[in-house]
Amino acid sequence: MHAGRSPSIGSMSDDFSDDGAEDESEERMRDLLASYYGLGAAGAGPGGVATAGAGGGGAGGGPVSTRISASDAVFRMDAAEFDSSEYVRHLLRTCETADLLQRNDEMVHEIKALDSDMQMLVYENYNKFITATDTIRSMKQNVESMEGEMDILVASMDEIADKSEHINSSLASKRSQIDKLVRVRRLLKRLEFFFELPQRLQQCIDEGSFAQAVKYFKIARDTLREYSHVASFSNIQAESEELMDQLRTRLKAQIQETLEPTQMNELVQLLLELDVPAADLRPKLLQCHEQCFRKTLEEEMERIRSANDTIDLGVQTLNQVFVAPFVAAIRSFHEIFAAPDQDGSEVLEEDLNLMSTAMFDLFFQLSTSLFDPGSLGGKEGGLPTPSEVRDLATALESLLEGTRTLDAHLPTCNSSERGADFVEAFLSQRLAAGFQWIRRETLAALESLGGAAASLGSEPSGARSGEGDFPGTSVEQVGEVALPNSHASTSEAMPLPPKAVFDLVLDRFGKMMDSTQPLVQFGDLVLGEVRRSSGRATFAAFTAEESRHLVGWLSTAMEVLVDVTLRPSPVCVWGLERDASATPTAAALQSHAEDSWDASAFLQGVTSALNDPAVSALDSPSPRFALECSVLCRGFHRTFTPALAEIIDSAIPASWSAARVDDDEVQAHTRSCSNRLLEYFVELHGNEIAARARCAVRGLHQEQAPVTTVTPAMFEACLGFGTALKDAATVLEVRPTVSAMSRSETWRAVRPTSGLSSAHKGLQLDIERVFSERVQVFGEVGFSLTSILEGLAKIALKAICEQVRASWISPEAYQQLLADVQFVRQISCCFVDDASVIDGLVDETLVAAADRVGSALREGASEDADLRSVVAQSRASFETALRSMGIEVR
Amino acid sequence: MFSSAGAVHGGPPQARLLEALKCEGEGHRFVSATSNPQEDSNEIQVLHFDEEASSLRHVASYTHPEAATAICPAGVDSDHLLTASPTGVALWKLQEDLPEVVSEHPDPGSVKELGQLAKASIGHVTSLATQPTQQEPKIAAGREQGVSLFTLGSLTPTENLEIPGDPRPHVDRQVRRCTWDPHTPRVLCCAYDTAAILWDSRDSARPTQSFTAHKYGATDIDFNPNRPMVIMSAGEDRLVKFWDLRHTQAPIRVLAGHTHWVTTARYNRFHDQLVLSAGTDGAVNLWRVSSISSSPILDYDGEPGMKTETMDSKVNTYDDHEEAVYSAAWSASDAWVFASLSFDGRVVVSFVPSTEKYKILL
């Protein structure tokens with residue numbers, strides 16, 4: 001392989017010239033040389049040699065090597081540990097003859113190749129040596145010639161150094177002179193500035209560039225002061241100072257005239273630089289700002305008013321013209337007066353705060369004045385439209401935003417808080433106005449209902465013989481006979497829709513909630529943000545509370561409208577009524593009031609109806625209206641308040657519990673209102689009957705004729721029972737029936753024992769009374785015809801008894817009275833279940849009657865039997881009368 | 001002295017009238033009268049109440065020839081008494097030497113004849129009032145449809161104050177009560193039907209003022225003794241009402257506490273915040289109406305904004321009567337004692353509770 005090659009030595013000599021032709025042979029040569037000289041680092045490196053060596057060995061042992069472990073250095077020819085005899089042994093052991101022969105051949109070839117290589121290397125080596133000798137020789141010649149030149153260079157360099165030194169030293173004196181001159185020149189320039197200063201200042205002032213003048217003056221001032229002992233400098237100083245004084249005066253004059261805040265800022269800054277004390281300037285600047293803002297605000301306000309802008313637009317405009325400029329003004333103010341040499345910053349803050357508070361107040365006042373609490377849902381009685389509500393919400397938001405922006409800059413104004421307060425107050429007012437609207441509407445409805453009830457009349461024709469109302473007619477009215485009911489009987493059958501009032505209130509309530517709900521939500525949202533921590537009552541809760549008030553108000557308003565005698569007037573509610581027996585609610589309310597005066601907002605709702613001048617008694621509320629109201633009140637907690645709660649829940653979901661409208665307090669109140677109204681219904685009818693019955697008793701005074709019939713007046717009075725029964729049956733929606741009179745046939749025996757002294761009778765009665773309960777004449781009425789009629793009978797009988805006690809009765813009149821009282825008793829007894837109370841009152845009346853007979857009674861003047869037949873007769877005709885009124889008598 | 005326990009005295013039944021009399025010595029003196037149609041059984045009793053012994057006894061009983069419909073001290077002398085009856089007015093002189101202390105059991109036969117001084121037959125008089133003037137006081141006698149005025153000297157009506165005709169039938173036309181204004185003694189106020197009617201005695205032609213006071217009838221009227229233009233009225237609507245005569249559209253206070261008609265309402269003569277009312281329900285109520293009195297409790301408990309509840313309240317209900325109470329009166333000699341009379345003749349003397357007393361005094 002190698003042997004075939006015969007590289008030329010010549011080509012090897014070209015190793016340095018590197019213009020080798022035969023690349024391959026030359027490269028081989030270089031490798032060989034390199035391996036020989038151990039120049040591993042240069043050239044192909046030891047790898048190359050190894051390759052060559054291995055190439056030699058490996059190539060020779062090609063097939064063998066497969067059988068020889070590569071790591072077995074003993075078998076590698078190039079390795080230092082190579083053991084020829086071992087190798088041969090190994091070959092002999094492992095290889096076949098053919099292989100051994102082939103290996104032999106190979107090794108011969110290799111040896112030959114190696115010999116030629118060696119030869120070639122020797123040659124090459126020699127060749128190189130010769131070339132090197134030549135090179136060394138030429139180099140020696142070159143160095144000798146250079147030495148001379150170097151000497152020349154050294155000499156000239158020395159010369160240059162000498163000359164440079166010389167020049168430097170000769171110029172040194174000049175240089176210092178020049179430095180001095182430069183300094184002098186600078187000084188002169190400065191001096192020139194100083195000397196020109198007055199003119200320059202004058203010029204600047206003339207040109208109006210005051211800032212420039214002040215700047216120059218400030219530059220010069222300290223120096224001038226320093227050199228003021230020099231005459232010329234002091235002159236300059238004096239001159240400048242004078243000019244500056246003039247300037248100061250001029251600026252001060254300008255300050256007085258200037259109204260423009262930015263200009264003012266500049267002027268004030270200049271004056272401050274001119275050493276005018278800040279204390280003098282601050283008020284001026286503040287005043288200027290104040291006037292400016294005031295003017296702007298007022299102008300804007302005027303414009304807004306005249307342009308009739310919407311609220312949100314107005315508020316936004318005000319925000320625009322005030323908030324940002326004001327913040328800027330405050331900032332610039334701080335900048336101007338923040339210089340460290342200013343006297344106490346406290347004073348500064350104080351002045352500023354004073355002004356800013358005043359300004360904020362104005363701004364706030366103007367902004368809030370745009371919100372007219374009465375404009376919507378107010379006097380006109382309408383509710384705001386959705387767009388109005390939207391506007392309102394936007395406006396409130398703008399207002400809050402403005403105040404919040406200002407808050408950071410006006411620490412003392414508490415503006416954010418005030419904004420929130422205003423929003424809260426405004427919204428509350430708004431909501432309250434909404435509820436007020438409902439109240440007005442309800443009141444109108446109730447009044448019309450009351451009016452309708454009055455015009456319908458509560459009595460069928462015939463029962464009232466046109467004599468007008470006995471009670472309630474005052475002396476002023478004397479001369480006119482009121483006949484409001486003469487034409488009323490025709491429309492008697494028309495049903496009154498008291499439930500319509502419910503529906504109306506609910507409808508209005510729904511409308512109101514619809515209209516205010518965005519505001520409520522907005523308010524809760526916004527105020528929730530503003531005062532996250534304070535945890536005030538939300539508007540939702542406010543609405544709920546107001547709704548409770550509404551229920552309380554409604555029931556109390558009914559009482560006022562009806563003019564219930566013992567309604568809890570504020571005085572009764574709050575203090576005078578300590579007697580629980582008289583009016584249970586008053587006592588209940590009282591117990592509330594005693595816990596704490598302000599305890600219950602609900603009570604305030606109740607009393608607001610009592611104190612409201614708009615709620616006043618109807619002219620002459622009919623008894624029927626009272627009963628209708630009573631039924632309404634009674635239905636409150638069953639139908640009305642749940643519906644109310646439903647509306648609230650749907651409008652303000654999940655914000656509160658519906659139970660709150662209908663809690664025990666409200667229920668207790670409505671129930672007692674209902675009871676009082678019912679009692680009043682009984683009282684009205686009862687007093688009507690009583691008044692007529694008393695007239696009948698008074699009329700007996702001169703009675704002389706024997707008894708033939710029950711006194712017509714008494715009979716007529718008793719027809720009042722029928723009227724009341726019909727009224728009650730209509731309103732309570734039951735059939736007007738009375739039970740048969742058979743069981744009341746018994747005659748109430750009295751022993752008008754004239755012989756027995758009154759004192760004894762009194763004693764006897766006393767003993768009886770001790771063991772019997774005192775009769776409660778008024779009140780204690782239930783929602784049943786029986787209970788109502790019993791109430792009427794009690795009122796009538798007690799009144800008759802009292803009238804009898806005050807009368808003088810002739811014996812004939814006494815007989816008549818006996819018949820009358822028995823008649824009333826029998827009628828009463830057929831109305832009620834338990835006649836004991838009635839009998840007690842009848843007894844009392846009969847005893848009183850016996851006592852009031854002036855002259856001694858003639859025994860048996862008129863037989864009981866006669867009287868009985870008279871009474872029975874009258875009772876029969878009374879039954880007929882009842883039937884003719886449409887009352888069923890069983 | 002400090003207990004509020006009163007004393008009870010049983011008198012003749014059909015008693016409707018009670019007045020306080022001035023008492024020269026210690027104790028309190030009241031006079032009661034009956035209104036019995038059986039003419040021979042009417043009595044006038046003078047009662048003496050001794051606080052120390054807590055005893056109420058009648059010191060004298062007089063027969064009255066007719067049913068008494070009104071009694072009234074005649075003003076000039078403490079022992080002159082005016083009574084009204086269905087026939088007219090009579091002036092009586094009580095016995096001068098009324099014993100200070102009478103025996104425990106007075107002799108039943110000690111009923112004396114009254115010394116009648118004069119009598120005017122002017123029909124059925126239902127109320128009497130002596131003008132609170134020193135000289136020549138006029139007597140107002142309420143009768144049907146008007147009031148007659150006369151002097152003690154003549155006992156014949158000098159003036160007649162007529163209530164304008166009322167066409168309504170069956171109206172109780174009796175003037176139930178009349179009373180003189182203590183501040184302007186020429187002004188007379190009376191309760192008639194549902195109204196309160198005022199006259200100025202200088203012009204008897206027509207009333208100066210009238211207004212509806214009680215829906216179902218007014219029974220009593222009393223002037224505030226310390227505060228001009230304020231009156232109190234009681235009515236058959238179970239209410240006691242207070243009126244400012246300058247604004248009579250609505251009462252300035254309403255007291256509700258009786259369960260039947262209120263027959264009497266009286267101001268305490270010394271402390272107008274104390275008011276007494278009684279009614280046919282047998283109850284006697286004592287009220288404090290401080291807020292509209294001449295001396296409201298201003299700094300009660302040191303709290304300036306005092307609430308009405310503490311200013312005005314019912315002080316106590318005295319339920320010692322079993323029968324309707326038609327008359328009640330404050331003692332003439334002491335601010336803290338009053339008496340009430342029920343139909344069965346029982347007179348009860350009671351005290352203002354001492355706590356209430358201190359509230360007013362301290």
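**Questions on chains A and B**

Student: By about how many degrees does α11(A) bend at Asn319(A)?

Tutor: Helices are DSSP runs of H or I with at least four residues, strands are runs of E with at least two, and both are numbered from the N terminus. The bend at a residue is the angle between axes fitted to the seven residues ending there and the seven starting there. For α11(A), the bend at Asn319(A) is about 30 degrees.

Student: How far apart are the end C-alpha atoms of helix α11 (residues 311-337) of chain A?

Tutor: This is a predicted model, in which local features need pLDDT of at least 70, side-chain atom pairs count only at pLDDT 80 or more, and totals for chains, interfaces and linings use all residues; side-chain values use heavy atoms, with hydrogens and water left out. Residues are numbered from 1 along each chain as its sequence is written, while chains are lettered from A and ligands numbered from 1 in the order in which they are written. The expected span of a helix is 1.5 Å times one less than its number of residues. The 27 residues of α11(A) should therefore span 39 Å, which agrees with the separation of its end C-alpha atoms, 38 Å.

Student: What separates the end C-alpha atoms of helix α6 (residues 97-207) of chain A, which has 111 residues?

Tutor: A straight helix of this length would reach 165 Å at 1.5 Å a residue. However, α6(A) bends by about 55 degrees at Leu197(A), and the proline Pro198(A) follows within four residues. The end C-alpha atoms of α6(A) fall short of the straight-helix value, at only 125 Å.

Student: Which residue with a positive phi follows α2(A)?

Tutor: Helix α2 (residues 23-36) of chain A has 14 residues and reaches 20 Å, close to the 20 Å expected. Its buried residues (under 20% relative accessible area with a 1.4 Å probe, protein chains only; exposed is over 50%, partly exposed in between) include Met29(A), Leu32(A) and Leu33(A). The residue that follows α2(A), with phi near 65 degrees, is Gly38(A).

Student: Is Ala693(A) buried or exposed?

Tutor: Ala693(A) lies in helix α21 (residues 664-699) of chain A. Not counting residues up to four places away in sequence, Ala693(A) touches Met714(A), Ala717(A) and Ile800(A), where a contact means heavy atoms within 4.5 Å. Because its relative accessible area is 1%, Ala693(A) is classed as buried.

Student: What distance separates the C-alpha atoms of Val871(A) and Leu818(A)?

Tutor: Val871(A) belongs to helix α27 (residues 864-884) of chain A and is buried, with a relative accessible area of 0%. Along the chain, Val871(A) and Leu818(A) are 53 residues apart, yet their C-alpha atoms are separated by 9.6 Å.

Student: How many helices and strands does chain B have?

Tutor: Of the 362 residues in chain B, 62% are buried. Among contacts between residues at least 6 apart in sequence, 51% join residues at least 24 apart. The secondary structure of chain B comes to 2 helices and 29 strands.

Student: Which residue's side chain makes a polar contact of 3.5 Å with that of Asp220(B)?

Tutor: Asp220(B) is placed in strand β19 (residues 218-223) of chain B and is buried, with a relative accessible area of 1%. A polar contact is a pair of N or O atoms within 3.5 Å; within protein, one must be able to donate a hydrogen and the other to accept it, and residues adjacent in sequence count only if both atoms are side-chain atoms. The side chain joined to Asp220(B) at 3.5 Å is that of Arg266(B).
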